[in-house]
Amino acid sequence: MSEYLLEANNLTTSFKIDGEYYPAVDDVSIRIRENEVLALVGESGSGKSATAFSLMGLHRHARVSGEVLFQGKDILKNNERQMNRIRGGDIAMIFQDPMTALNPLMKIKHQIQETLKIHGTVRKSGRELYTIELLEKVGIPRPERVAENYPHELSGGMRQRVVIAIAIANRPKLLIADEPTTALDVTIQAQILDLIRELQDDLGSGVLLITHDLGVVAEMADRVAVMYAGQIVEVAPVRELFKNPKHPYTRSLLNSLPSEEQLGSKLHVIQGVVPALNKMDREGCRFAPRIPWIPEEAHEHQPKLREVEPGHLVRCTCYQDFYLDTSMGHGEMEKRVEALQMEEGGVGR
Amino acid sequence: MSANLLEINDLKVHFPIKGGFFNTVKDHVRAVDGVSIAIPRGTTYGLVGESGSGKTTTGKAVMGLNEITEGDIYFQGEKLSGKGKKIGVHRDIQMIFQDPYSSLNVRKRVFDIVAEPLKNYEKLSKSDLIEEVLKLLDRVGLPPGSLYKFPHEFSGGQRQRIGVARAIALNPKLIIADEPVSALDVSVQAQVLNFMQEIQQDMDLTMLFIAHDLGVVRHMCQHIGIMYQGRLVEEGTAEEIFNNPQHIYTKRLIAAIPDTNVDKVERNMQLRRQIKEEYDQHFAEYLDEDGRVFPLRAISETHKAALPVKG
Amino acid sequence: MIKFTLRRLLITFPQLVLLSILVFFLGSLMPGDALSGLIDPSIPAEAIQARREALGLDNPWYIQYRDWVVAMFQGDFGNSIFHQRPVLDVIGDRLMNTVWLSLFSVIIIYLIGIPLGLISGRYKDSLLDSVITGYTYLGFATPTFVFGLVLLWIFGYHFGVFPTNGSVGAGLEPGSIDYILSKINHLILPSFSIALIGLVGTVQYLRSGVIEAQQKDYVMLARAKGVKSAALYLKHIFRNAIIPIAAFFGYELVGLLGGSIFIEWVYAYPGMGALFLESISTRDFSVANVLILFYGFLTILGALLSDIILSIVDPRIRIK
């Protein structure tokens with residue numbers, strides 16, 4: 001048996017746009033050990049959520065290839081029935097927006113019991129009690145009452161706890177959390193993150209945490225994979241990534257955050273925009289158009305993800321020559337790049 | 001003339017709650033319940049709070065979008081408000097909204113969106129109007145080719161620029177920015193923040209910046225007010241709020257922000273847990289018998305907090 | 001729940017009062033009054049005046065209105081000038097015919113429309129969906145009475161399998177099995193005429209409801225729980241998609257009660273719609289007036305029914 005709980009190799013997921021398929025997840029390989037939190041970071045359109053949904057086989061109209069080994073078995077080869085046994089069982093998912101993730105017509109307890117019933121975790125007679133225990137476990141006060149409530153009667157934070165209760169109901173081995181706190185206030189976010197950490201400790205599960213919030217990454221992750229334009233551009237242990245980021249995209253991203261050190265100065269701006277799925281140049285380094293001051297020779301023709309230090313992988317050689325462009329700032333140059341993109345019609349998704 | 005461009009005095013906005021058998025007014029939601037804010041000319045004031053704190057309602061009241069229950073609003077020393085009604089729309093006060101997409105009319109072209117306030121307030125010939133709009137687009141960094149495009153043809157950051165172009169069309173003195181970057185990606189957020197600072201300097205704008213992201217507010221604002229349930233719990237310079245928070249709620253809010261500094265993660269989480277404990281135990285002491293936050297008390301010349309009166 | 005229903009009923013009351021005042025004034029605008037049709041030219045003017053006073057026709061409007069309402073509560077809706085019988089008797093015969101017709105139609109609409117809508121949405125863009133959607137476009141473009149005439153010609157005259165007029169065969173004992181069968185036999189063509197056209201709205205509404213619900217986050221979460229396809233559609237998608245349809249039930253039924261006018265005319269079916277057309281053409285305003293009042297009353301009732309159904313099926317409404 002593999003040392004990894006989950007091992008995705010060359011996962012590629014393509015969506016149909018105007019009759020043609022374009023990969024939104026492009027040859028992605030990730031590994032998650034038991035009891036490990038892997039953060040998948042990127043901006044909207046980077047393909048991080050599409051990766052998560054592909055792992056669960058939740059895309060209906062997409063073309064998916066590669067392999068996803070879960071506990072050594074390729075689950076991409078599973079049929080729908082076998083997949084349904086894994087979904088919500090050994091692999092569970094937490095969704096982004098608690099306001100829309102629960103069925104408005106079903107009582108909370110029925111939404112939890114539905115997953116218990118499918119996976120036969122507890123016998124029918126014990127379900128009622130186990131539901132209450134679950135609600136208690138995710139920190140919901142007066143669980144007996146909340147069990148009888150409908151979703152609209154609960155606050156966002158409480159609803160997210162219910163979503164988490166559903167996810168952990170069958171003691172999953174892998175938890176996929178897709179932006180679990182993005183829609184929440186910061187104090188609630190802190191509580192939910194605490195809860196996820198606690199449950200992970202308790203269950204010993206692996207966690208795939210999808211987020212755009214680098215602060216959340218720093219707090220939660222053991223390892224980090226950074227995605228840009230459908231590809232993973234950098235993978236590193238969390239300390240290494242924040243202390244010694246290598247890929248130009250990672251470095252640009254970290255510098256564009258408002259921080260204590262940058263007070264009073266301009267924030268770093270990444271020029272241009274993420275290319276649209278069907279207008280992306282798939283040859284060469286995908287980040288190259290956004291760092292035009294780096295000479296062409298610095299990039300590879302077919303950029304590979306290479307291990308540059310133990311456990312630290314970077315795509316393309318351009319990181320060696322990369323420096324943050326401060327001279328040109330964002331003013332003129334950016335305007336020029338954007339004007340260019342407008343004319344090509346490359347903007348807008 | 002006062003040094004403050006905008007002064008809000010004891011603003012209250014209460015919304016009725018209807019209920020019971022006859023659907024009568026049972027009570028009021030005190031969305032804003034006695035807020036006073038003064039913003040010096042040319043500065044940015046950050047209004048921070050979690051959802052339901054009343055920060056957006058405060059901004060809307062100044063914009064004339066909410067009825068005011070009580071209180072006065074002075075703009076350039078001139079009184080704007082009256083009790084029980086909305087204040088009149090003022091051409092020198094403009095707003096930038098949170099979601100650049102839904103706040104723009106998707107059926108209108110950029111030209112019509114940006115030209116709308118000009119058409120309302122100024123009589124310009126068609127050619128003058130186009131010229132004026134082109135100037136505004138250039139100012140916000142959009143190419144002239146965008147004039148006849150629709151909002152959906154732009155990225156999120158660019159849409160926010162369209163929103164800004166519309167807001168500055170009439171050369172306003174005060175901009176109310178309601179969560180202007182919270183729907184944007186980090187890199188786009190940086191773009192918009194930089195650019196808002198630029199515009200502010202160029203046009204000598206005063207800004208009321210409403211946000212829940214303390215990192216962003218710290219970057220943008222000289223003064224910060226923290227709101228909780230319709231009232232200010234603390235107010236001061238950015239430096240005072242971040243380095244010397246006095247109110248337990250402010251402390252908790254600041255401690256809750258995840259930091260990207262991996263060296264501080266352990267310490268931060270410890271601090272957060274500690275403050276959470278303190279908060280759970282002592283928060284009741286920070287409220288009066290009606291469960292409301294105390295009035296602000298001065299700590300220094302610029303720093304005020306709603307601390308309980310000891311003794 | 002009970003509180004909601006009670007409050008909803010309470011709102012209905014002023015609506016009814018407003019409606020009755022409106023109809024009352026409409027009635028007083030019509031030419032002639034209760035005596036016009038009864039008066040013999042040989043009766044002296046003083047006697048007429050005495051009759052008028054006795055009937056309260058010279059009283060101020062609010063007294064007259066009160067008398068009118070009180071009379072209605074006592075079951076006196078006035079007399080039909082044309083039929084020379086109490087209005088209530090005239091309507092009474094026809095009322096049940098129309099109620100049966102509407103009920104039959106609404107049952108057919110839901111029996112056929114709901115499965116078609118669900119299938120169409122579930123198998124979007126399939127051949128089956130294309131056929132169903134094509135049918136709904138056709139249905140939208142066809143006026144009910146034209147469709148009714150076509151059915152009448154095909155099944156009534158060409159094949160002769162269904163009766164072409166009336167609501168029951170002649171000479172049958174009311175209450176007997178034959179009588180009931182004959183009634184049903186007379187209902188089939190008109191109710192299918194109404195339903196086959198009337199269901200297109202339901203089908204289209206449901207189809208888009210299903211397609212929309214499929215994209216919802218809670219459906220994605222249900223799939224992530226491992227819910228099987230059949231259960232996914234039954235518990236999560238169909239239930240949510242059907243809410244607007246359920247909520248529309250009251251309006252639909254009332255719409256049919258009032259909207260069967262032309263079909264009743266096509267099939268010479270003695271219902272209220274036919275009566276309404278007849279009363280207008282014979283200037284029998286006392287009947288027309290009561291029918292208007294009745295239709296208005298039904299509309300209010302339909303809205304009430306819809307709201308109550310909605311409060312039962314949607315927990316979000318129940319609380320407010």
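**Chain B, overall form**

I began with the secondary structure of chain B, which comes to nine helices and twelve strands, and I noted at the outset that I was reading a predicted model. I then looked up the extent of chain B along its principal axes, where the C-alpha atoms fill a box of roughly 70 × 55 × 50 Å. For its 311 residues I would expect a radius of gyration near 19 Å from a compact globule, and the 21 Å of chain B agrees with that.

**Chain C, annotated spans**

**Chain C, α11 against α12**

I then examined how helix α11 (residues 272-281) of chain C packs on helix α12 (residues 285-313) of chain C, and found an angle of about 140 degrees with the axes 8 Å apart. Because angles over 145 degrees are needed for roughly antiparallel, I recorded α11(C) and α12(C) as oblique to each other. The crossing of α11(C) past α12(C) is left-handed. On the α11(C) side I listed Met272(C), Leu275(C), Phe276(C), Ser279(C) and Ile280(C) as making the contact, and on the α12(C) side Val287(C), Ala288(C) and Leu291(C). Sorted by class, this contact has seven nonpolar residues, one polar residue and no charged ones.

Methods
Residues numbered from 1 in each chain as written. Chains lettered and ligands numbered in written order. Predicted model: local features only at pLDDT ≥ 70, side-chain atom pairs only at ≥ 80, totals over all residues. Axes fitted to C-alpha atoms, helices over the stretch in contact; angles between N-to-C directions. Helix = DSSP H or I, 4+ residues; strand = E, 2+ residues; numbered from the N terminus. Parallel < 35°, antiparallel > 145°, perpendicular 65-115°, else oblique. Left-handed = near helix turned anticlockwise from the far one by under 90°. Contact = placed C-beta atoms within 7 Å. Nonpolar A, V, L, I, M, F, W, Y, C, P; charged D, E, K, R; others polar. Rg over C-alpha atoms; globule rule 2.2 N^0.38 Å.
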